[in-house]
Each structure stands twice: as C-alpha cells, then as structure tokens.
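Please look over the sequence and the model shown below before reading on. The paragraphs that follow move from the whole protein to particular places within it.

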Amino acid sequence: SDLDLAIRGGTVITASDTIRCDVGIRNGRVALLAEAITDAKKTIDASGLYVMPGGIDSHVHLDQDSGPDITMADGFETGSRSAAAGGNTTIIPFALQVKGSSLRGCVSDYHAKAEGKSLIDYGFHLIVSDPTPTVLNQELPALFADGCTSFKVFMTYDDLVLNDRQLLEVFSVARREQALVMVHAEGYDTIKFMTETLEAAGKTAPYYHGVSRPEVIEREASHRAISHAELIDVPIMIVHVSGREAMEQIRWAKQRGLKVYAETCPQYITLTADDMKGANMDMSGAKYVCSPPPRDTDSQKAIWEGLSQGVFHTFSSDHCPFFYDSPRGKLSPKGQTSFKYVPNGIPGVETRMPILWSEGVAKGRISANEFVALTSTNHAKIYGLYPKKGTIAVGSDADIVLWDPNRKEVLRQEILHHGSDYTPWEGFAVTGYPVMTIARGRVIVEDGKVLGKPGDGQFLKRDKSPYAVPAGA
Ligand code: URP
Ligand code: ZN
Ligand code: ZN
C-alpha cells in the first residue's frame, strides 16, 4: 500500500476512547485506523503499549528575556529536545514584549530564536507588558492574523505587571479579536508589601519566597481577574493555579456561568513550600522557587479534586528553566542572596507527562483518557490547534507517543535532556514512561535516544480559540 508507517498491536487512547487498533500513517498524517494493517512500508510493534496523542505543553518559557543578569537555561533546541524526550510533539512558548518595545518587533526576535532550532512543532503565546494604543489597536490584531491567537498578562512582577485599567483594556481587545487571555494571577502590591516586611526582618532565605506570596494573594488576584473578565464579558484562562484558594474562585466563576478556564502544573501536586527550605534553609531551596510557589499537602489534595472534577482543562509544565549553580541563575547575580533576586521558575517540560501518569493514572486518581485530555487534547482545543493536533484521528498530524504504563523510572538530572543543571524531581520514582515519540509520522525519540533534528519543528499558525467566544453580546 502507500502507507509509510503502521503502528501495530497497541491500544489507542484518545480523550474519549480506548480502542485496540492499528494506526496507519501517510505523509505525516494519520490515514487509517483499522484492526490490522499489514501492508505499510514500515511497521512499529506497539504491543503492550498505549498509543496516545503526543503531549502538547501550552506553557513553556524558552530563551525568554530574563533581564540583564539572568540567562535562561533552555533555548528552542534543548527545550524542544527535552520536550520530545518527555513525550511531547508540540510546545507553545511565550514571545515576550519588553516594556517600551514594539510587541511585533519582540515577536520577530522570538521567531528568529526558534527558526531552525526546534525539533517539534511550536506556536507562540504573546506576553503583553506595555499595552500602548499602537499595541492594542495595530500590533495585536496583526499578530492574531499571523497565528498568535492567545496572550498572557501579568498582575505582578516589576517588568510585566499591568494595572487594573490596563488589564481591562487588554481584555477588551481580546474580546474584540476573540483571542484567549491567559492570566498570571498574583497581586503586585501585596507581594511587594510582604517582601519588604520579610526583608526588614532579615528573612531572606529562598523559603521566604513562598511566605511572601501566600495563597490569599493568589486568591485575591484570581478574583480580581475574574471580575474584570465578567465586566468586559471575555473568557479567560487562569494559569498555574497552585491550590484550593484560587481554585475555589474558579469554581465560583464557573457556577456563575462565566467562561473561566484553569491550568495547573506538576509542581502543585508534588512539591511543597518546605522544599524551598533546602538543607537548613540554605540556597538549595532556590531550586524550587517558582510562582505561584508550591503550597502544602492539603493544597495538593485540592488540586487533585480539581483535576478529577474538571475544574482544570490543562496540565502544563510552566517549564521556566534556570541554572542552579550559576551567578546568572538561581544563585543570584552580584552576590545577592535574598529570595527577591532568585529567578522564578523551574524546569519540567520532560517530566510533566510521567509525573501526571504516575501520580494520576497509575494511582487511580484519573483515567488514561483524562490524562490525554489534560496533557494534549484540551491544549489543542483551547489554543486553536484542534483537530490537526491533540488527537489520533484520520487526517490529524501523526503526532504520537508510545507509552509503557508499567515502565519504572527514577527521575534524575542525568536522564533528562534539558539545559538546566538540576531537576526539582531528582530521585522521584515514576511508573509509566514514554518509549517512543513520533512527530508528523517520523520517529524523533526512541528509548531516550533523540533522533529528531533541530529545524524539524514548524511554526504553527493557530486558529482563533473556540473557547474565547464571549458568553453574551
Ligand atoms: O515562576 C514561574 N512560573 N516563572 C515563569 C513565569 C510565569 O509566571 O509563568
Ligand atoms: Zn505566570
Ligand atoms: Zn510560566
């Protein structure tokens, strides 16, 4: 036949179905699902394995401008390689507007950073840090037309924060353009107050990063974002929700009929604030510093509730990789040791899927179909990539991960492919691991060996999000 490849003997799992069938691939797309495909040019034996849509990680930071003193540990090559090794076939990193600069100019920079580098397909979310009239009325519409149909706004960080007025203006543009807004919901002034109070008391170890931004600060900002979204009548996605407090606001919004979506991440089901204590409150706690910070084991339970009850649509890594043992990384530039100078973020694009499978599916908290929805399908639907991406159906890109549900692995820095010099999950034991990643019909990772090449990945012009349609007129 004219099939290029057949994946034989596996169990195909999509967000809705679990089917024993073979998958036939032609020209990089799924061409045939059938009981037995015996006539393809090449065959892969998937017996005993699950055949799932490749992971889509819709929250990844690569080669992102992090100020003059800090260098991100992954660009598009190492970041996408790490993603592929972790079972992903698509990533959506951010193109960040530097305040005072043209957003379009910044986006061109990110295209240049990614060009010829990524091993897997990628899109861009925009980060709007300076919503001037030109940005709102000319640059954003032009960038939407170019396939960047979602953008993130921040309610904290000196270089990124938008005030309420600016949030409302950006939300209005999102409503008009049917763009999906992602919101980083933590309060700027409250964090600043807490940080200065802690510093004045000499409490500067990494652990106090968590103390400086407790759940109530995330809850307040989440509520404020939801209220602004209700006022404008625009759907929003609240990203990296860390615990019960913010989650209850999202539940409340959903009950009111508001289109409020939510994302959570591996750190909020596996890490706690105590990890930031390191060894006797030393700097090693900085390895776990991210925002919002990891909370406590009760919060982890709350997040599981949300994952199994459909409060969360997406489970993303928020891969934001820095070096630990570097003056341009977590150990802070210029000898500064306060938590205030520790760059926020942790690497996790490669470990996201194994952690959710192991803690979720292997432990009976979610089904394998829910796993697929949370790691792939919902990302494609929400960010305008479905059904090209996010499912295994005739006509879809042949982006597939072969998953061994029984394989035991201990997560360690030495088995990972990212640029960071550590993993927050060193020594974390998982059951279930990807054994092959196939992107547009080509095997790009086999048993941890990366076969894909930089430049194989293409920029994805994304459709408008069907989830971004306003509720009313
Ligand atoms: O600490 C984090 N998450 N850093 C990454 C940037 C962000 O806010 O997502
Ligand atoms: Zn954020
Ligand atoms: Zn992030």
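Against which helices and strands do the buried residues of H7 pack? The model is a predicted one, and in it these residues pack against the helices H4 (164-177), H5 (188-200) and H8 (244-255), as well as against the strands S13 (180-184), S14 (236-238) and S15 (260-264). Helix H7 itself comprises residues 215-232 and reaches 26 Å from its first C-alpha to its last, close to the 26 Å expected. Among its buried members are Ile 217, Ala 221, Ala 225 and His 228. Just after H7, Asp 233 takes a positive phi of about 65 degrees.

Buried residues make up 58% of the chain. Of the contacts with a separation of 6 or more, 78% link residues 24 or more positions apart.

Lys 152 belongs to strand S12 (residues 150-154). This lysine counts as buried because 21 other C-beta atoms lie within 10 Å, the threshold being 20 or more. Apart from neighbours within four places in sequence, Lys 152 is in contact with Phe 94, His 125, Ile 127, Met 182 and His 184. An unreviewed UniProt entry places the feature "modified residue: N6-carboxylysine" at Lys 152.

Some backbone details remain. Most residues other than glycine have a negative phi, and most peptide bonds are trans. The bond from Ser 291 to Pro 292, however, is cis, with omega near -10 degrees; Pro 292 lies in the loop between helix H9 (267-270) and helix H10 (297-308). Another cis bond joins Tyr 386 and Pro 387, and Pro 387 is placed in the loop between helix H12 (368-382) and strand S17 (400-411). Met 281, in the loop between H9 and H10, has a positive phi of about 65 degrees. Asp 447 has a positive phi near 50 degrees and is exposed, because 9 other C-beta atoms lie within 10 Å.

Notes:
Residues are numbered from 1 along each chain as its sequence is written. Chains are lettered from A and ligands numbered from 1 in the order in which they are written. This is a predicted model: local features need pLDDT of at least 70, side-chain atom pairs count only at pLDDT 80 or more; totals for chains, interfaces and linings use all residues. A residue is buried if 20 or more other C-beta atoms lie within 10 Å of its own, exposed if 12 or fewer, and partly exposed in between; C-beta atoms are placed from the backbone. Two residues are in contact if their C-beta atoms, placed from the backbone, lie within 7 Å. Helices (H or I, at least four residues) and strands (E, at least two) are DSSP runs, numbered from the N terminus. The expected span of a helix is 1.5 Å times one less than its number of residues. UniProt positions are given in the numbering used here, feature names are shortened, and annotations may be inferred rather than shown by experiment.
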